[in-house]
Amino acid sequence: MSHPSTPDRILIFDTTLRDGEQSPGATLNVEEKLTIAKQLARLGVDIIEAGFPFASPGDFEAVHKIAREVGTPEGPTICGLARATRADIERAAAAIKPAAKGRIHTFLATSDIHMQYKLRKSRAEVLAIAPDMVAYAKTFTPDVEFSPEDAGRSDPEFLYQVLEAAIAAGATTVNIPDTVGYLTPSEFGELIRGIKANVPNIDQAVISVHGHNDLGLAVANFLEAVKQGARQLECTINGIGERAGNAALEELVMALHVRRSFYNPFFGRPPESDQSLTAIDTRQIYKTSRLVSNLTGMFVQPNKAIVGANAFAHESGIHQDGVLKNRLTYEIMDAQSIGLTDNQIVLGKHSGRNAFRSRLQELGYDLDDQSLNRAFLRFKELADKKKEITDWDIESIVNDETQQAPEHFSLDLVQVSCGNNSRPTATVILHTPDGQELMDAAIGTGPVDAVYKAINRVVQLPNQLIEFSVQSVTAGIDALGEVTIRLRHGDRVFSGHAANTDIVVASAHAYLHALNRLHASLQTGKSLHPQRDTAAVSASL
Ligand code: KIV
Ligand code: ZN
């Protein structure tokens, strides 16, 4: 379905897999991207920006696979990003081809600072390239989006001209990015108002907004833009993205959901209308957040709105008393509305494969036989150690076990000795796919340090550990511990994540997960960055 130029609701354009993945350390492999895309489809997003296909063969493959497997006739539109060059557009077109609904999103900077220093192009050149490339994209798909990059700092008069030319050339969506997160809400609202008033053919395109959170204003800016007629919001799960991130999908959707009566009149509806303003199934929000956090290694801060661990926790005595008398005293939304169900005890030691499979299905996981077998083995191991298994344990196992990067180094043994008055010592044995057994031992300042030193001696991939965190999945001394780490190698960051009842074992797996990603990236080479690698754009024309 193509969208009318003035949709009567908000279109959610999710760019977790493109702009979100551009955040340092959030790199995902093809299978992980596909897993997230499937979950985004369950969440109900309208458009998935699946990647930047020109960046590398891996990026192309991911977009192509998502287009084939998630871009079904009932599914979301699948979008590929392209700089304003023929080569980029051709690659994006080929990647989205299998999708029932495919979009090419091409962009070109319009701010003086970007044109002068990044593109080395004059206004006249940019004004010629933009429609030219939109028209070229249009030869591959009717659904073309154009973004004047750094619109927030562009001269509005010049911006109006570029937008008019892009729409005349066939752009069906014009996206207004605040690329550097500079604008305030009233300025952003004014920018959209000005575009509506001064771009003569604006009624032929959907107005979209895109913004970064450098000043923490991205969501507020978008909500102001909605009041002025923006009907597509470009956002990411957990707000991940370049620098301080992008506008967070869950915050936008829940603001429009909880404050529907405030926003309804801007859509020509009576305030009391209870028709949803987005097509999102809000009950999928929490699960999507956990999945993205686990796979990208981008930790969600406890006080993060909507999906943070404390967002629905009523710790203080006064609050609890109020909530018990009437929940509305301190809660503006119901935890269940984002899918945060009571963490029920669902399975135990004697639960069989069928019970495990059917609980997974109820939770929305549809695993192939191989993944199911691996997850079931992990479940049995856990049930031996932990009497009561909850939904959160099951989700943690599934996320951890079935969606890991292909392993080069796999862990056979980790053994530590530590305690007071002793020197923490670790021995590790790793295996490589060619059957090599690699063993070493090291002394550290603590057990995890000793394990990491022993692994370093074996793996020989120099790196700096920049983040290490442990969280428990549930309460209780026998809880699963989830370890998330990030490490730096040169100018690149890699993350790793693992769960185990033994946090030393989880730490070893998380470290190897990140090292396997580092190893894979050394084999495949670096991906191009769509906004910083501009040589191809500068060379065009
Ligand atoms: O922030 C930005 O300007 C972008 C564009 C590619 C839309 O991500
Ligand atoms: Zn961006």
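Mentor: The account below concerns the interface of domain 1 and domain 3. The model is predicted, with local features requiring pLDDT of at least 70 and side-chain atom pairs pLDDT 80 or more, while totals for chains, interfaces and linings use all residues. Residues are numbered from 1 along each chain as its sequence is written, chains are lettered from A and ligands numbered from 1 in the order in which they are written, and side-chain values use heavy atoms, leaving out hydrogens and water.

An automatic or database domain assignment gives domain 1 (11-267 + 276-296), domain 2 (345-402) and domain 3 (410-524). Between the C-alpha centres of domain 1 and domain 3 there are 37 Å. Contact, meaning heavy atoms within 4.5 Å, involves 9 residues of domain 1 and 9 residues of domain 3.

The two domains bury about 690 Å² between them, 29% of it from carbon and sulfur atoms; buried area is the accessible area (1.4 Å probe) lost by two parts on being put together, summed over both. Of the area that domain 1 buries against domain 3, 52% is supplied by Gly25, Thr27 and Asn294, more than by any other three residues.

The interface holds 2 salt bridges, defined by a side-chain nitrogen of Lys or Arg within 4 Å of a carboxyl oxygen of Asp or Glu. Glu32 and Arg517 form a salt bridge through their side chains, at 2.9 Å from N to O.
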